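A short briefing will do.

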Amino acid sequence: VRAALLDQQRRLAEAGDVVLEGRDIGTVVCPQAQVKFFLDASDAVRAQRRFEELQARGEAVELATVLAEQQERDRQDRVRQSSPLRPAQDAVLLDSTALPVSEVVAIIVAAARAAQKGG
């Protein structure tokens with residue numbers, strides 16, 4: 001399944017002018033991408049954001065459970081043999097812990113535009 005998905009993702013990227021999101025896009029799927037980002041935030045902030053997202057969908061969840069599940073997923077993703085979670089060497093590292101979504105988007109757009117212009 002992973003190999004089939006990898007081929008599909010690469011075909012999508014070959015179309016050009018695309019945005020792909022995933023934990024191994026910059027390291028495995030598209031290592032030659034023109035610009036890559038590695039978004040991160042503190043565990044507490046990420047869990048709070050996810051908690052609020054799930055609550056908005058009407059799901060009854062506990063913040064502590066969301067945090068624990070997130071930390072376990074991150075641990076598993078970092079130690080897995082195939083496509084472990086890590087930033088690409090040439091990725092723009094962006095810690096969004098204290099940033100509103102609008103600022104994260106502005107940073108990404110500015111970096112992508114600069115890359116398109118060769119800067």
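Asp74 is found in helix α4, where helices are DSSP runs (H or I) of at least four residues, numbered from the N terminus. This is a predicted model, in which local features need pLDDT of at least 70 and side-chain atom pairs count only at pLDDT 80 or more, while totals for chains, interfaces and linings use all residues. Residues are numbered from 1 along each chain as its sequence is written, and side-chain values use heavy atoms, with hydrogens and water left out.

**Asp74**

- Asp74 is buried, at a relative accessible area of 2%; buried means under 20%, exposed over 50% and partly exposed in between, with a 1.4 Å probe and protein chains only.
- The side chains of Asp74 and Arg46 are joined by a polar contact of 2.7 Å (a pair of N or O atoms within 3.5 Å, where within protein one must be able to donate a hydrogen and the other to accept it, and residues adjacent in sequence count only if both atoms are side-chain atoms).
- Apart from neighbours within four places in sequence, Asp74 is in contact with Arg23, Asp43 and Arg46, contact being heavy atoms within 4.5 Å.

**Packing of α3 and α4**

- Helix α3 covers residues 43-56 and helix α4 residues 63-79; they pack at an angle of about 120°, with their axes 9 Å apart.
- That angle makes α3 oblique to α4, because angles under 35 degrees count as roughly parallel, over 145 as roughly antiparallel, 65 to 115 as roughly perpendicular and the rest as oblique.
- Axes here are lines fitted to C-alpha atoms, for helices over the stretch in contact, and angles run from 0 to 180 degrees between N-to-C directions.
- From α3, the residues Asp43, Arg46, Ala47, Gln48, Arg50, Phe51 and Leu54 meet Leu63, Val66, Leu67, Gln70, Gln71 and Asp74 of α4.
- By class, this contact of α3 with α4 has six nonpolar, three polar and four charged residues (nonpolar: Ala, Val, Leu, Ile, Met, Phe, Trp, Tyr, Cys and Pro; charged: Asp, Glu, Lys and Arg; polar: the others, Gly among them).

**Ile25**

- Ile25 lies in helix α2, residues 25-29, and is buried, with a relative accessible area of 10%.
- Beyond its neighbours within four places in sequence, Ile25 is in contact with Gln9, Leu20, Cys30 and Pro31.
- Ile25 and Gln9 are 16 residues apart in sequence, and 8.7 Å separates them C-alpha to C-alpha.

**Ala64**

- Ala64, in helix α4, is exposed, with a relative accessible area of 59%.
- Ala64 and Leu93 are 29 residues apart in sequence and 27 Å apart in space, C-alpha to C-alpha.

Notes. Helices (H or I, at least four residues) and strands (E, at least two) are DSSP runs, numbered from the N terminus.
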